[in-house]
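Reader: I am new to protein structures and would like to learn how to read one. Could you walk me through some features step by step?

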Amino acid sequence: MPAEIYEIVALAARFWFLFLMVMIVWRSYRWYARERRLRKKRMKYLPDAGYIGELVVVQSANGRDVGKAVSVPFEGTLGRARSNDLCIPAEGVDARHLHFRYDEKRGLALRPLHGNVFSVDDLDADRAGVELYMLHGSRLYLGDCVLRLRMFAGYEVTFAPGCMPPPRRTPPCGMREDEPDALDPDSEDEPMDEQQTPPEARPYPPYSPEHAYGVPQAVQPMYQQPAPNYAPRQATPMQPVYQQPAPVYAPPQAAPMQPVYQQPAPVYAPQPAAPMQPVYQQPAPNYAPQQPAPVQPMYQQPAPAYAPPAQPAYRQETYERPAELLPAEDTGAEPTAAQWYGDRRWQSSREDEAYREAYANPEPVFHPLVEEEEEFFHPLVEDDDGTDGRWDEEPPRQQGRRQRYAPPSTADEEDWPFLSWPEEWRAQGLYDDLEQDEDQTDAAMPPRSAYVGRDESEWARKRFWDKYFGGGGAP
Amino acid sequence: MSRKRFQRRTEEERIRRRRQPDRRLVSVVMLFFCSAFLLISFKEQVDLTGLALAFVVPALIYVSSLWLPRFFPADKLLLAIVNFLCALGVLILYSTDGGEGTNRGMQQAMYYGLGIIAMLMGIFLVRYVRRWRVLIWIVAVGALGLIALPLAIGTEINGATNWINIGGTSLQPSEVVKLALVLVTAYFVSRRQWIPWFLFGLACMGVLMLQRDLGTALVYYATALMVFYANTGSLTLTGLGLVGAAGAAVVGYMEFSHVKRRVAAWQNPWMHYETAGYQIAQVLMAIASGGLFGVGLGLGAPRVIPVYFTDCIFAVICEQFGVLFGILTLILYVILILRGISIATGARRSFHALVAMGATALIGIQTFIIIGGVLKLIPLTGVTMPFVSYGGTSMVSCMGLIGLLQGVDCVNRDELNYDYEISSTAAEQAEMDLADID
């Protein structure tokens, strides 16, 4: 190419190159900003990511921060200064007191800094170079406060995929379950027929009772209705068949091979002397003419031979208590730290027994909405606004979910047929459990710990600890 | 195609495009270099080498940016930016090879391939080596031996004795030791073993001062100080380190004559135009002649600048492509550094975080020193522009640093995916998938 022509082409091409460079920089920046935004979104769903557990203040001199939990990362320093990974502003704690790191095989290793001292259970770190390991439930004596480690790294989480059959994927609002996933661009679907009318969108919300998913079982507790002999209704979501209590486990008294459902008349006849079952005393025409035998073949089967599942061991007592933790003889000697405080992993106290009895409800009622919480405390989430990880209201994760899945109103009688039931039943208070103002949106999913009330949460946490970590209850 | 079908296809295409920003970026990068090498190959006669590079370099970019990440969860944005900068260096060197009879463009392309191998080694080193207790001492002792080698068998180039010749190939050990500096510093600082860290840094600085390689010594010192601050957060000690660096600079100015000359040339290059100020004066004139949009690819007079292919290659870029292009190049460096910092903050172990922070700091400091010197912000020192300057050792060390960074990112993604799997239900995963689309 002649030099003159090349010069002209090169002069023209510099604008082309500049345009491409602008495109490169712009797309790089867009990509960078997008991934930052996605990471923030994803981390909202993974509040525990990057942490191995929590250190809970169980005792302090002034009792100010008792109950406060700080999330423990894999590595870092602990001290009074705010620049530490774990800031414990207590008396006797140095600005940088100790260094910790997580060892997958041995636990949380602690090493003193600057000649500071601390204790883990009964072991003292009183010289440089010594390294102590904390396990789940270990206590850290630091200055005038005592912290207890609640470790969740290395433990599988309940409801995690693989631990149990995963729940069904809930389609977004307004989307039919059998509709091809329009959000997956890789799916090769059949071309849409022009003559075919588009399917009508199902009424909102998708959890209406006639749908296959989202049957609100958990929020409509049948066990509160003492009805062993009531007539089963068809196409009524209020009576799931597996909540029938008696004929499976309890042997019938009169005829073992003839369950109560095959007894014809007295079941459906009005029973004037049944004060506990006012619902079925009404001459409701919807329920009377039902034929019980053909619609319930499963109850005609003889009672299964298997025994009812044994209740899980509430506490495992398979290990022996160490000799040094046994109750000391009254020798007048000063008790050791383990005897004084009690190692909750091995030894339970009277408060635990009383607590367990108080909350040993065999059928806990899970309320999916926390309303009476004055201050919702979610310690695993970072605080951006200087509120020490506390929100004045629920965290935004729950707000977003409620907005997405909450029904806008219960006035739609098609979705909520019990609204058309007789008003006199309502006057008798039979609808109190059904019409209470509670969030029924998470009924399709198993309730998780963040959605239960304070008492239920305490109870479930205590039971989880006792079952898997040897007792002791929550700190 | 019906309207509904068309709208549906359009929607799917929109979602697919939003999900693939890597292909959108890499396609533009490939188009840039394909057109640039095609233009260069038709400059005087049809150059078959240029034609080959017009397809080989985009293919190399495609392989390293989109194909290699299929085998490990690497950061594609980082890869795309680094590949662009490396290919830009190949392009500039190839465009300036014409009249001089050199072959730096092709050599740089080969070094680019070597750099990709070094990057893979860095990735696997960080991702799969979990026990550093013994290995780090081997690395430290080996690095000290390597950096001290020019004192025995080295040759002096431009006032610094930091080159050795092995089998006819020149090698700059201080560039390779940068990898060891990042690893050793990160390990000892994360374990708070201050004495080994201090001794290693002191030994490296002492050897570099004996070699009169002050630019590299500055990079080393600033990197070690940055890693120290990232781990401890101590403003007092870091400030003391800066004061010590200022004192060392004064001592160096008083002791070394070539430092005095460089400072004098920086203050007023036109007074020393015939001697020490010639290089910086030519650099400034080249940038000025380029203007906003440049003089055109392959045009101009870049070869009048001393060592235009290493230290002053940014001036050549500004001359041929313009100042706007140079500013956009700086923005790319800034995005690369921000990305490195985000990788460091996402690491869960302090060693990994400090490795990422050290690599990012080293690249950023080196870029600032050389571009600041070219733009006459600071005295010009003899360090290379990362990924762009000519030199196999520099390319391998910089790509090795990117490999360390990518390795940390691999570990981060592995752990995050594990958390994603074990701690979220299927419904939450579906919500997260929906969030990816938004």
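This is a predicted model: local features need pLDDT of at least 70, side-chain atom pairs count only at pLDDT 80 or more; totals for chains, interfaces and linings use all residues.

Reader: Thanks! Which strand is joined to β10(A) there, and in which sense do the two run, parallel or antiparallel?

Author: The general idea comes first. Strands of a sheet pair through backbone hydrogen bonds, in a parallel or an antiparallel way. Here, strand β7 of chain A (residues 118-120) is joined to β10(A) by two bridges, and the two run antiparallel.

Reader: Which strand pairs with β10(A) over four bridges?

Author: That is β11 of chain A, residues 145-151, again in the antiparallel sense. One pair to look for is A:L142, which stands opposite A:C145 in β11(A).

Reader: How many residues lie between β10(A) and β11(A) in their hairpin?

Author: Two residues lie between them, and A:G143 in this turn has a positive phi of about 65°.

Reader: Now the side chains. Are the faces of β10(A) covered or open?

Author: In a regular strand, side chains alternate between the two faces of the sheet. In β10(A), residues 139-142, both faces are covered. A:R139 and A:Y141 are buried on one side, and A:L140 and A:L142 are buried on the other.

Reader: How do I read the strand order of a whole sheet?

Author: Chain A has an open sheet of five strands in the order β4-β3-β5-β6-β9, with mixed pairing. Its edge strands are β4 (86-87) and β9 (132-134), each of which pairs on one side only. At one end of that order, β3(A) (residues 75-79) and β4(A) run parallel and are joined by two bridges. A:G79 has A:C87 in β4(A) as its bridge partner.

Reader: What is the strand order of the open sheet in chain B, and how do its strands pair?

Author: The order is β1-β2-β3, three strands with antiparallel pairing. β1 (154-157) and β3 (169-171) of chain B are at the edges with a single partner strand each, so one side of each has no neighbour in the sheet. From one strand to the next, the twist averages 45°. Three bridges join β1(B) to the antiparallel β2(B), residues 160-166, and B:T155 has B:W163 in β2(B) as its bridge partner.

Reader: Let us turn to helices. Why are α6(B) and α8(B) described as roughly antiparallel?

Author: Look at the angle between their axes. Helix α6 of chain B (residues 135-147) and helix α8 of chain B (residues 173-190) cross at roughly 150°, and their axes come within 9 Å. Angles over 145 degrees count as roughly antiparallel, and therefore α6(B) and α8(B) are roughly antiparallel to each other. The crossing is left-handed.

Reader: Which residues of α6(B) and α8(B) meet?

Author: Among them are B:W137, B:A140 and B:L146 in α6(B), and B:V177, B:L183 and B:F188 in α8(B). By class, this contact has 15 nonpolar residues, one polar residue and no charged residues.

Reader: At what angle do α3(B) and α5(B) pack?

Author: Helix α3 of chain B (residues 48-67) and helix α5 of chain B (residues 104-128) pack at about 15°, with axes 12 Å apart. Angles under 35 degrees count as roughly parallel, and α3(B) and α5(B) are therefore roughly parallel to each other. Their crossing is left-handed. B:T49, B:L53, B:L60, B:I61 and B:S64 in α3(B) meet B:M106, B:A109, B:Y112 and B:I116 in α5(B). Seven residues of this contact are nonpolar, two are polar and none is charged.

Note on methods
Residues are numbered from 1 along each chain as its sequence is written. Chains are lettered from A and ligands numbered from 1 in the order in which they are written. Side-chain values use heavy atoms; hydrogens and water are left out. Buried means under 20% relative accessible area, exposed over 50%, partly exposed in between (1.4 Å probe, protein chains only). Two strands pair if DSSP finds at least two bridges between them. Axes are lines fitted to C-alpha atoms, for helices over the stretch in contact, and angles run from 0 to 180 degrees between N-to-C directions. Angles under 35 degrees count as roughly parallel, over 145 as roughly antiparallel, 65 to 115 as roughly perpendicular and the rest as oblique. A crossing is left-handed if the near helix is turned anticlockwise from the far one by less than a right angle, and right-handed if clockwise. Contact means heavy atoms within 4.5 Å. Ala, Val, Leu, Ile, Met, Phe, Trp, Tyr, Cys and Pro count as nonpolar, Asp, Glu, Lys and Arg as charged, and the others, Gly among them, as polar.
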